[in-house]
Amino acid sequence: RCSTLHGTPKSEANWQVLPVVSATDCAIDRVTWGPGESLLHIKTERNNIILSEAQLNTTVCPPYLAVQTAPTQVLLYHLERASRTVISPGFRV
């Protein structure tokens with residue numbers, strides 16, 4: 001869950017870890033997609049659960065391969081040298 005009230009979170013520090021929710025002991029009434037960043041709403045007998053899907057990207061421009069491994073992290077792989085570098089820019093990519 002994002003801890004900012006306005007705009008897009010700027011770093012990992014803006015995100016809060018939420019407790020794991022187990023839906024095994026209650027029936028799911030409805031699953032719907034929300035607006036914006038692929039929000040998923042799950043309505044159960046007792047709770048409303050909102051999940052946010054972070055879209056991760058990849059691209060290739062030889063000799064480089066870039067793989068986004070987290071919202072604020074990119075793995076840059078040099079295909080010819082078989083070397084890799086992890087880039088953490090400190091903001092959401």
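Strands E1, E2 and E3 form an open sheet in the order E1-E2-E3, with antiparallel pairing; strands (E, at least two residues) and helices (H or I, at least four) are DSSP runs numbered from the N terminus, and two strands pair if DSSP finds at least two bridges between them. E1 and E3 stand at the edges with a single partner strand each, so one side of each is left without a neighbour in the sheet. From one strand to the next, the twist averages 15°, where axes are lines fitted to C-alpha atoms, for helices over the stretch in contact, and angles run from 0 to 180 degrees between N-to-C directions.

The structure is a predicted model, in which local features need pLDDT of at least 70 and side-chain atom pairs count only at pLDDT 80 or more, while totals for chains, interfaces and linings use all residues. Residues are numbered from 1 along each chain as its sequence is written, and side-chain values use heavy atoms, with hydrogens and water left out.

Ile28 has Thr44 in E2 as its bridge partner. Strand E2 (residues 39–44) also pairs with strand E3 (residues 48–52), again in the antiparallel sense and over five bridges. Here His41 stands opposite Ile50 in E3. Three residues lie between E2 and E3, which form a hairpin.

One salt bridge is counted in the model, under the rule that a side-chain nitrogen of Lys or Arg lies within 4 Å of a carboxyl oxygen of Asp or Glu. The side chains involved are those of Lys43 and Asp29, with an N to O distance of 4.0 Å. Lys43 belongs to strand E2 and Asp29 to strand E1 (residues 28–33), so the pair ties together parts that are 14 residues apart in sequence. Lys43 is partly exposed, with a relative accessible area of 29%; buried means under 20% relative accessible area, exposed over 50%, and partly exposed in between (1.4 Å probe, protein chains only).

E4 and E5 pair in the antiparallel sense over four bridges, and the bridge partner of Thr58 in E5 is Val67.

Two loops beside these strands hold backbone features. Pro62 and Pro63 are joined by a cis peptide bond with omega of about 10°. Pro63 is found in the loop between strand E4 (58–61) and strand E5 (64–70). Ala82 is placed in the loop between strand E6 (73–78) and strand E7 (83–87). The phi of Ala82 is near 55°, a positive value in a residue other than glycine. Ala82 counts as exposed, at 53% relative accessibility.

His78 is located in strand E6. At 8% relative accessibility, His78 counts as buried. Leaving aside residues up to four places away in sequence, His78 touches Pro63, Tyr64 and Ser83, a contact being heavy atoms within 4.5 Å.

Over the whole chain, the secondary structure comes to zero helices and seven strands, and the pattern along the sequence is β-β-β-β-β-β-β. Of the 93 residues, 14% are buried. The accessible surface is about 7200 Å², of which 57% belongs to carbon and sulfur atoms; accessible areas come from the Shrake-Rupley method with a 1.4 Å probe, and for residues only the protein chains shown count as cover. Among contacts between residues at least 6 apart in sequence, 10% join residues at least 24 apart.

The mean pLDDT of the chain is 76, and 66% of the residues score at least 70; pLDDT is the predictor's confidence in each residue, from 0 to 100. Among the elements of the chain, E7 has the highest mean pLDDT (92) and E3 the lowest (77). Residues 1–5 have pLDDT below 50, and this stretch has 13 contacts in the model beyond near neighbours in sequence. Where pLDDT is low, the predicted coordinates should not be read in detail.
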